[in-house]
Amino acid sequence: MLGTGGNMRAHSRRWWLGMMALCVLASRASAQQLVVADVSAASFPLVTMQLFSFDSQGNPSPLDPQRDRLVTERMGVIRQTTAAVTCPPQWEPAPSAAIMALDWASELVRSQARALLQTWEATAPPQSTVGAVIFGGRPYLALDFTANAEHIAEILERAEPLEVAVPQRALTDTLLGAVVLAARSTRQWRCALVVTEHLFPSSQPPGIAELVRQTGVRLIVLTLGHRPPQWLRSLCAESGGIALGDVTAELLPLRVRQVLAIAAGYRPCTISWQSSYDCVGERSCIFDAPSIGGSATFGYQLPLEQLPMLDVIPRYRNVGSYPTGLTPPQDVVLTARNADLTLLAISADQSVQIVEGGLSGPLLLRKGESYRLRVQLQVSSSGRTVGALRIVSTSCSGADVAVLAANTEQVGTATVQFLNPTTDPAIAYAGSFYRIEWTGALPSDSVTLRVQRVGDTLWQPLAENLTATSYQWHVPQKGRYRFELRDRTGRMQALSTAVQVIKPPLSLVAPDVQSARVGTALEFLPPQLLCSDTSEALRIDSIRFVSGKVFSLARGVPSELPAMQCITLWLRFSPNTSGMHTDTLEVYTPVGMQRVAVEGYAPAPTLTLPQTIWVGTMPPGTMRDTLVQWLACATVPQQIRLRADWPDTTQLRLLTIRQFTLTSETPCLAYPFGIRAEQVGRTCLRLLVEGSERQPYECVIAGDVICAQPYSGAALSVPRSIVTQAGQVISVPIWMPSVPRSYRAMQRPFRFTVRCNASTLLPEPPLDRGTIADGERHFTVSGRGFLVGDTLALLRFRTFWGDAPVVQLHIEDFQWLDDCSIGLEAVAATVFFTDYCTAGGTTRLFVAGQPPRIERIEPQPSDGILHVRIAVDREMPVQLACYDLLGIERWRADLGTVRDSVEYMLALVLSPGQYILQASSPFGVSRTLVLLAR
């Protein structure tokens, strides 16, 4: 982890303490010090919780594992226990990289966007970076990673509100999703932070968990006005992040401070405790932390498979027909399921005798262990004998019963009767479920349940061959009904009293038919949707669409329906096929369920265009046009207009005209986009194509600007030597050889430093004369791209008599002046003055001179090992080179400054043949023929 050294720790502490002074204490903050990330009962009775602790200002504050241990659980009883508390080592703030994904269809989020960025700037550790994505039906990148949060805020101010928001798409988009963008950072701590007022789906979308796990990005979600679904809370906790729900505008800055610490590596404490088995699956808990003066209230749901249950086999059995007296022994097996339990008592009716297995006291049954009873039934002469064996235990199945029945050989009259309905009439709410119950028949008796509307003559079957003693009846909207039971022979067993259907004290108002094009989404808010007809507030248990394929809830739903009032809900229509779509909205309350049909129409698209146009990766300075051949195609003739004004109209631009007519002869449009890469990072442009429909079509143009050299091994180059005389003006070109043609068109600013002899070379305007120190001149040169071809710059100098006849011109510290810090190696050119000579230790001006002479080459022809004598008439620098007959240089050596003559041995590893040996100096060249043989 970064910042582990002593100096870094001291700096981080000073910075964090300074940030505390900047924070405004939010009201209700004391209740927000402990933040529960996740609770797991997967290993029940061991329960584990992930808990973040903060002080009242939102700064990380460690727990005391010795003092902060009390857990209070409310089940069927209130139980207190102590927990094992394990916290990670002391947290040191480390630079983080965060992508904020902001719900731009929420007025609340839009109004808080600048404040969120300001909180990030004041809270994030030094050297952190942030980027921002806004999302509606899809995400749009406002700005890639930057340290300038104010710049992002300025860009967001230009973004128009969006009409619909689908938050899961802000995470899963493969190009502009927050997770993918955050994963591109090289920081250790990378985070995708979603702030939304809209609902995530109740079930996990495919691929999102794999994406988060593969990228290693911390996922943090803040939902405003509702709680995130369980799958999202678990996924965030697994990634090292957190999902916080029911966030208010008042608490949003505090919550952002807290989650930014989590994004920067702050890890939760693990709280573990042993719970106990209880028949209440929903547990309400409190964790107390007196060391920081706070507590956390949370809950968890214990699934049915974790509750202790007792399996009784058989629960119901008709043993057959026997004469009066005892039936043969029957086995009843009791098995502990899910957990250990205790058998407390076993009792039997007078008609049942326990032959083996009666209890003398409580008996512990381990999980999976069985206990066997053997019983007999005393058959009477009344026709049917029914006896029950009742088992009392600590299981959550309550008082378990094994019911045995036997018939005498002459079957008597039936004893079946209804337990519910009991009153006449009984009341049932329209649209609810009503439980019909009866007794006196075993499930094995297989009965038929029928219903009749009072006043009609026909009976309608509800269920046939029922092997149960109850039935859930979905109550019609109106009427008065009664029920009858018939056995398998068709004989009536029992007739019920009447059930009167009444209207529930709430009603649903069918919304208007909505219209949205295929592939788009529409959010709508009916004026009135759900109305109360009672003087008491009604709890809303759940609201759902039966199918949920094209209609869904868009935002959070209220917990109750106010007395004698109407409320409405944000609904979403997102058709995937054309035509009419219908779904049913159901609202469940304690007094019944109401439903209403919701309809929407989806016209087929009249334009087709790509969802995304990817222009690829490019280095800064790239300037080119990209032609999209099939940008838009029309199924019916129409005029279209292109509009693109956000977020990046500088690097990605529309060219030429923006209004066109598509006809049956020319149904498709080809269009050129201009690319001018200036800022490193991913960028995008939202393109709207407006046709004859009310709703525009859209696609996104996206690309990456990356730091890269034009080719592998790119380097600067200058002339190897320049010959001049005092008083002349020389030009020194600086180029990059082998630069691709596309790269030469770039307008990429650069800068380098020039170092040269101050007495001999004077920069010509517009070059700066720079500064002189220790006999050398230093000045900088800036440019904005290539001048001609592969030439970057052309430097002009006036030459003067100075203190040396041969001087070096150094090109150093080359850097591109953009987000890329890639440099190039220094190079140097040698300047020779032909009107200087040096003799006797004195350098003076001379008028003329003779080139060096090649006086002798031995042997000739040669096997490649040659002895060469070079003679000069005055002191001069000499270079020796070998060329083939095509003029291609095959070998070169610098002999340095030669006085009088020099003997030189050279080895030419060349193929047999004729070659030219050349001696050169500022005064000229001389050549001779060399013959190599083997």
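Guide: The model is predicted, so local features need pLDDT of at least 70 and side-chain atom pairs count only at pLDDT 80 or more, while totals for chains, interfaces and linings use all residues. Residues are numbered from 1 along each chain as its sequence is written, and side-chain values use heavy atoms, with hydrogens and water left out.

Visitor: Why is D884 called buried?

Guide: Buried means under 20% relative accessible area, exposed means over 50%, and partly exposed lies in between (1.4 Å probe, protein chains only). D884 has 11% relative accessibility, so D884 counts as buried.

Visitor: What makes the place of D884 a strand?

Guide: D884 is in strand β69, residues 876-884. Strands are DSSP runs of E with at least two residues, helices are runs of H or I with at least four, and both are numbered from the N terminus.

Visitor: Which backbone nitrogens does the side chain of D884 reach?

Guide: The backbone nitrogen of L886 is reached at 3.0 Å. The backbone nitrogen of I888 lies 2.9 Å from a polar atom of the D884 side chain. A polar contact is a pair of N or O atoms within 3.5 Å; within protein, one must be able to donate a hydrogen and the other to accept it, and residues adjacent in sequence count only if both atoms are side-chain atoms. Both distances are within 3.5 Å, so these are polar contacts.

Visitor: Which residues does D884 touch, not counting those up to four places away in sequence?

Guide: R890 and Y915. Contact means heavy atoms within 4.5 Å.

Visitor: What makes a set of residues a nonpolar core?

Guide: A nonpolar core is a set of buried Ala, Val, Leu, Ile, Met, Phe, Trp, Tyr and Cys residues joined through side-chain atoms within 4.5 Å. The largest one here has 81 residues, and L102, L156, V195, L219, L222 and I242 have the most contacts inside it. Helix α8 (residues 252-263) gives the largest share of this core, seven residues. Another core lies apart from it, with 35 residues, among them I730, F779, W816 and V831. In soluble globular proteins, nonpolar side chains tend to be buried together.

Visitor: Which residues is L156 in contact with, leaving aside neighbours within four places in sequence?

Guide: L156 contacts L102, W104, A113, L117, I134, A142 and W646.

Visitor: Which residues of helix α7 are buried, and what covers them?

Guide: In α7 (residues 230-238) the buried ones are W231, L232, R233, L235, C236 and A237. Their cover includes β1 (34-43), α6 (208-215), β10 (218-224) and β11 (242-247). After α7 comes G240, with a positive phi near 95°.

Visitor: Why is the D704 and R184 pair called a salt bridge?

Guide: A salt bridge is a side-chain nitrogen of Lys or Arg within 4 Å of a carboxyl oxygen of Asp or Glu. The N to O distance between D704 and R184 is 3.4 Å, so the pair qualifies. The pair links distant parts of the chain, 520 residues apart: D704 in strand β54 (residues 697-705) and R184 in the loop between α5 (178-183) and β9 (189-196). D704 is buried at 7% relative accessible area, whereas R184 is partly exposed at 32%.

Visitor: How many salt bridges does the structure hold?

Guide: The structure holds 39. Side chains of opposite charge can pair when their charged atoms come close. One of the bridges joins D340 and R366 at 3.0 Å, N to O. D340 lies in the loop between β18 (330-337) and β19 (341-348) and R366 in the loop between β21 (363-365) and β22 (370-379), so the pair ties together parts 26 residues apart in sequence.

Visitor: Why is T520 called buried?

Guide: T520 has a relative accessible area of 18%, which is under 20%, so T520 is buried. T520 lies in the loop between β35 and β36 (522-524). A polar atom of the T520 side chain lies 2.6 Å from the backbone oxygen of R517.
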